[in-house]
Amino acid sequence: MATNRTKARKIRVLPGFKLTLGFTLFYLGLIVLIPLGAVFWKTATLTWPQFWQTITMPTAMASYRLTFGASFCAALVNVVFGLIVAWVLVRYEFFGKKIVDALVDLPFALPTAVAGITLATLYSEHGWLGKLLLPLGITVANSRLGIFVALTFIGLPFIVRTVQPILEDLDPELEEAASSLGASRWQVFWRVILPMLTPALLTGFALAFARALGEYGSVIFIAGNKPMLTQITPLIIMQELDMFDYPKATAIAVVMLVVSFVLLLSINVLQWWTNRYNTNNLA
Amino acid sequence: MTPVATTFRSPPQVVHHHTTSEPPAVRRALIAVALVFLSLFLFLPLVFVFVQAFAKGIGFYFHTLNDPNAWSAIKLTLLAAVIAVPLNCVFGVCAAWAIAKFDFRGKNVLLTLIDLPFSVSPVIAGLIYVLVFGAQGWLGLYKNADNPHFPWLANWLNEQDIKIIFAVPGIVLATIFVTVPFVARELIPLMQAQGRSEEEAARVLGASGWQTFWRVTVPNIKWGLIYGVILCNARAMGEFGAVAVVSGRIRGQTNTMPLHIEALYDDYNFTGAFAVASLLAFLALVTLGLKTWVEHKNQELDEPNPQMSQIPQIK
């Protein structure tokens with residue numbers, strides 16, 4: 001019996017396994033994996049001290065601090081406002097809600113170069129917002145603040161779209177139970193709702209952060225390319241490439257790739273946690 | 001569920017207001033905060049694109065778009081999308097079929113690998129192709145026949161006089177790279193949720209593999225496929241960083257629309273830059289519109305379609 005069953009399980013009713021998996025692996029290898037391997041191959045042409053010197057040169061170090069700092073702050077701001085936006089979209093009714101809901105995805109759909117020149121002009125001295133901020137002594141264009149603004153724009157949908165489905169699926173009975181046991185609305189939010197949203201918020205944060213680290217198009221126009229001050233890491237890579245210094249560009253790219261891979265891994269773990277949390281709640 | 005609970009929940013609005021919602025003032029404040037934030041960060045920039053595009057009048061707008069360099073950029077953008085989207089579509093369907101319909105080891109690794117292009121900076125996406133095909137790259141050494149890494153391939157490329165970097169093929173490759181995951185990511189969860197029973201039933205009833213795919217699977221995944229294609233196309237037409245690295249920015253030849261926008265902007269022709277940008281912003285709005293429509297369509301299909309789950313599962 002047992003052997004029969006294992007035999008039967010091995011017979012596949014559906015065709016095309018070898019064809020589709022083969023094509024998937026071939027395509028991924030050709031388009032993604034082999035070219036990515038080239039990065040590590042090119043870095044291997046550098047000696048270890050050369051590599052270390054390149055990735056720790058002052059402009060690179062300044063760019064890491066800026067890229068990480070701005071990405072972190074932008075993702076953090078998006079956690080707060082993204083949660084409010086998701087909350088409002090799920091729980092309240094107001095005029096134009098459907099349009100607002102659709103437009104939340106604008107940063108996904110709008111090409112980064114368009115976002116870049118728009119934000120740069122909007123916040124320039126003569127732009128609608130730049131003009132208003134100038135008397136207050138706040139300059140956004142050509143400053144680190146501008147990079148933060150661009151990264152906030154890019155990251156918003158990540159938080160909203162990860163929190164929204166979880167918020168929709170929350171069991172209202174838990175909130176009813178908490179409030180019938182005497183919890184205030186704030187206590188219900190802080191002690192009951194927020195803990196259930198934490199995995200989704202963390203996932204959204206990590207997604208927005210990861211996207212912000214690599215972002216190029218929407219940032220460079222508003223950042224203004226001031227050495228040591230407003231140069232993000234992708235821009236440093238771009239500059240080395242423009243000077244045809246491929247080994248240097250590649251060495252810094254390796255640093256970014258390693259960080260991205262670590263983040264991708266943690267996002268996968270977080271998503272698994274979110275799903276588990278969610279199914280546990282439903283069960 | 002006890003009858004008490006049922007009656008308790010039957011007028012949901014009343015319950016909602018008293019126990020599980022915020023006071024009206026808090027509600028209004030939260031809506032206001034959300035709308036002000038979204039207006040400042042999303043709606044204002046969107047409106048600004050169109051206002052700036054027409055700042056010098058409709059004549060200047062069409063003058064900018066009628067420029068041969070603008071036309072060449074539009075054509076190149078369309079070409080890259082026309083090649084990248086169908087290829088990634090075929091890839092997405094194949095990957096989803098393999099992952100959703102079969103069990104094999106290393107599935108999670110494969111899923112992570114498919115997501116990889118999303119976590120790679122666009123600049124690095126361009127860089128990797130420069131490293132493979134560029135003058136100092138793996139295959140780029142073919143001009144210098146002393147030390148080619150892959151002599152047969154390098155010689156062939158040399159004989160055909162095919163340029164990849166700073167030419168159209170590089171732009172197409174970079175576009176393909178950044179859009180690899182879109183269709184696959186939409187289809188994999190969808191096909192996993194739909195399971196295998198319908199296809200297995202079709203096969204058992206005598207349908208061929210292709211018949212099963214076209215008559216059973218495709219109708220089931222139609223909306224997910226359309227959704228993926230819409231998102232894939234938006235990214236393919238709007239990609240900037242990756243394309244900027246491999247294009248070489250030769251006006252009228254290797255500039256896509258986003259690169260043409262950058263060129264105009266760097267020339268201080270801001271109104272011109274926004275005129276071209278308005279086309280892409282319009283595309284973004286169409287994308288969002290279609291996306292919302294497909295989601296709506298999907299919800300409509302989900303609800304009056306419960307008979308699917310009533311069919312006894314064939315095991």
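Reader: Why is Thr152(A) called buried?

Author: Thr152(A) has a relative accessibility of 1%. Buried means under 20% relative accessible area, exposed means over 50%, and partly exposed is in between (1.4 Å probe, protein chains only). At 1%, Thr152(A) therefore counts as buried.

Reader: Before we go on, what kind of model is this?

Author: This is a predicted model, where local features need pLDDT of at least 70, side-chain atom pairs count only at pLDDT 80 or more, and totals for chains, interfaces and linings use all residues. Residues are numbered from 1 along each chain as its sequence is written, chains are lettered from A and ligands numbered from 1 in the order in which they are written, and side-chain values use heavy atoms, with hydrogens and water left out.

Reader: Where is Thr152(A), and what does it touch?

Author: Thr152(A) is in helix α9 of chain A, residues 144-169. Helices are DSSP runs (H or I, at least four residues), as are strands (E, at least two), and they are numbered from the N terminus. Leaving out residues up to four places away in sequence, Thr152(A) touches Ala74(A), Val77(A), Asn78(A), Phe37(B) and Phe41(B). Contact means heavy atoms within 4.5 Å.

Reader: How many residues does each chain bring to the contact between chain A and chain B?

Author: Chain B gives 97 residues and chain A gives 86. Together they bury about 8,300 Å², with 80% of that on carbon and sulfur atoms. Buried area is the accessible area (1.4 Å probe) that two parts lose on being put together, summed over both.

Reader: What makes Glu22(B) and Arg185(A) a salt bridge?

Author: A salt bridge is a side-chain nitrogen of Lys or Arg within 4 Å of a carboxyl oxygen of Asp or Glu. For Glu22(B) and Arg185(A), the N to O distance is 2.6 Å, so the pair meets the rule. Across the interface of chain B and chain A, the rule finds 2 salt bridges.

Arg185(A) also forms a salt bridge with Glu175(A), at 3.2 Å between the closest N and O atoms. This pair links helix α11 (residues 185-214) with helix α10 (residues 172-180) of chain A, 10 residues apart. Both Arg185(A) and Glu175(A) are buried.

Reader: Are Asp105(A) and Arg161(A) buried or partly exposed?

Author: Asp105(A) has 3% relative accessibility, so this residue counts as buried. Arg161(A) has 24%, so that residue counts as partly exposed.

Reader: Which residue of chain B forms a salt bridge with Asp105(A)?

Author: Lys291(B) does, with the closest N and O atoms 2.4 Å apart. This pair crosses between chains, from the loop between α5 and α6 of chain A to helix α15 (residues 270-302) of chain B. Lys291(B) has 9% relative accessibility, so this residue counts as buried.

Reader: Why does Leu79(B) count as partly exposed?

Author: Leu79(B) has 38% relative accessibility, so the label is partly exposed. Leu79(B) lies in helix α5 of chain B, residues 68-101.

Reader: How much of chain B is buried?

Author: Buried residues make up 50% of the 315 residues in chain B. Chain B has 16 helices and 0 strands.
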